[in-house]
Every structure is written in structure tokens, then in C-alpha cells.
Amino acid sequence: MKPILLTLTLILSSGMSQIVEAKTPIKNPSWDLQDPPIVNQLTQNSESITIGKAADLITQWLNTKSRIFAPPFDRESLGNLTTGVLYADSLKAINFLQENNGYYQYGVQKVESIERFAASGNKATIEVKVTEDTTLYKNGKIIESSFNTKLVRYNLEQWDGLWRIANSQVMN
């Protein structure tokens with residue numbers, strides 16, 4: 001009875017969404033909960049993001065913004081790194097910049113420290129202190145420039161096995 005209880009605990013802790021997201025359909029499913037292929041499949045799909053991988057994703061986002069928000073406006077990288085609200089808002093920003101002959105240029109962009117991190121299933125939240133040197137140009141002239149360190153909360157989501165940034169919010 002212990003092996004069955006252990007298997008049930010694994011299935012329940014992985015969450016129902018993980019069961020639905022199994023990539024390989026099971027033909028003629030066996031009701032034997034000790035079936036190794038099912039357990040292995042659930043274990044592989046239920047891995048949560050680590051604090052290091054979350055910080056790497058934020059660093060990749062910061063480093064890619066200079067290609068996303070300046071000609072030729074790299075929408076493919078945007079789609080690879082973001083989802084949800086951040087993706088939609090960033091597309092609007094790109095369109096606005098293109099229509100108004102504007103773009104951003106970035107200097108220093110750095111994650112200074114990780115303040116908080118939590119992950120559960122296919123969602124995670126990380127708060128980091130970010131230093132950014134940002135300059136907005138319109139018609140080749142500087143419109144606005146800033147260099148500061150902010151506390152930013154990023155909400156992350158996993159889709160099709162890839163982690164993306166769904167939203168961000170400046171906390172201070």
C-alpha cells in the first residue's frame with residue numbers, strides 16, 4: 001500500500017494542470033498507479049523554476065530590450081521571453097515607437113540583487129533590484145533619459161515547457 005500512496009502523493013502535488021499538460025498521450029491507460037512511464041512523465045513536467053533560472057530569465061530580458069525597443073524591433077525575441085500582459089503591452093510600445101519615429105537605447109542593465117522569490121507549479125514571482133540606464137529618442141533627439149535602481153516584481157509563467165515573463169511591476 002505504501003507505493004500506491006507515494007504515487008498518489010506525487011500526482012496530487014504536481015497539480016491537475018500538469019497532468020493535462022503531459023506531452024505524450026497514454027494509449028490504453030493502465031489503472032495501475034505504479035506504472036513507471038506515467039510517474040516519470042509527471043515528474044518531468046512538474047519541475048518548478050529555480051531562483052537561478054528565474055534571475056537568468058530577467059537578465060536575458062534586460063539584455064534583449066535594446067533589440068526589442070529599437071529598430072528593427074525584434075518581436076521574435078519578445079515572444080520568446082514574454083507572455084500575457086507584458087507581451088501585449090510591449091507590442092503596443094513597439095507600435096507606438098515605430099509610428100512616432102522613436103526608440104530606446106540602453107546602457108547599463110543589471111540585476112543588482114534578488115530580494116524575494118517564490119515558485120509553485122507553472123508560476124513564479126521574483127523581486128529584484130534592477131539598475132537601468134535608459135534613453136528615449138524621437139526623430140534622433142533625446143526625449144527622456146534616466147539612470148536608476150528600482151525594485152521590480154516579475155511574474156513568470158511556464159508555457160510549453162518554457163518560462164516567460166508575464167508581467168512586471170515597479171515596487172518603489
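Author: Phe69 is buried, because its relative accessible area is 7% and the cut-off for buried is under 20%. The model is a predicted one. As for position, Phe69 sits in the loop that runs between helix H4 (51–68) and helix H5 (75–81).

The structure holds four aromatic pairs. In one of them, Phe69 is paired edge-to-face with Tyr104, at 6.4 Å centre to centre and with 80° between the planes. An angle over 60 degrees is what makes a pair edge-to-face. Tyr104 belongs to strand S1 (residues 102–120), so this pair ties together parts that are 35 residues apart in sequence.

Tyr104 is partly exposed, with a relative accessible area of 27%. This residue also forms an aromatic pair with Tyr106, and that pair is stacked: the centres are 6.1 Å apart and the angle between the planes is 25°. Here the cut-off for stacked is under 30 degrees. Tyr106 counts as buried, because its relative accessibility is 15%.

The ring pairs go on to include a tryptophan: Trp61, Phe69, Tyr104 and Tyr106 are linked by them into a cluster.

Methods:
Residues are numbered from 1 along each chain as its sequence is written. This is a predicted model: local features need pLDDT of at least 70, side-chain atom pairs count only at pLDDT 80 or more; totals for chains, interfaces and linings use all residues. Side-chain values use heavy atoms; hydrogens and water are left out. Rings of Phe, Tyr and Trp (its six-membered ring) pair if their centres lie within 6.5 Å; planes under 30 degrees apart count as stacked, over 60 as edge-to-face and the rest as tilted. Helices (H or I, at least four residues) and strands (E, at least two) are DSSP runs, numbered from the N terminus. Buried means under 20% relative accessible area, exposed over 50%, partly exposed in between (1.4 Å probe, protein chains only).
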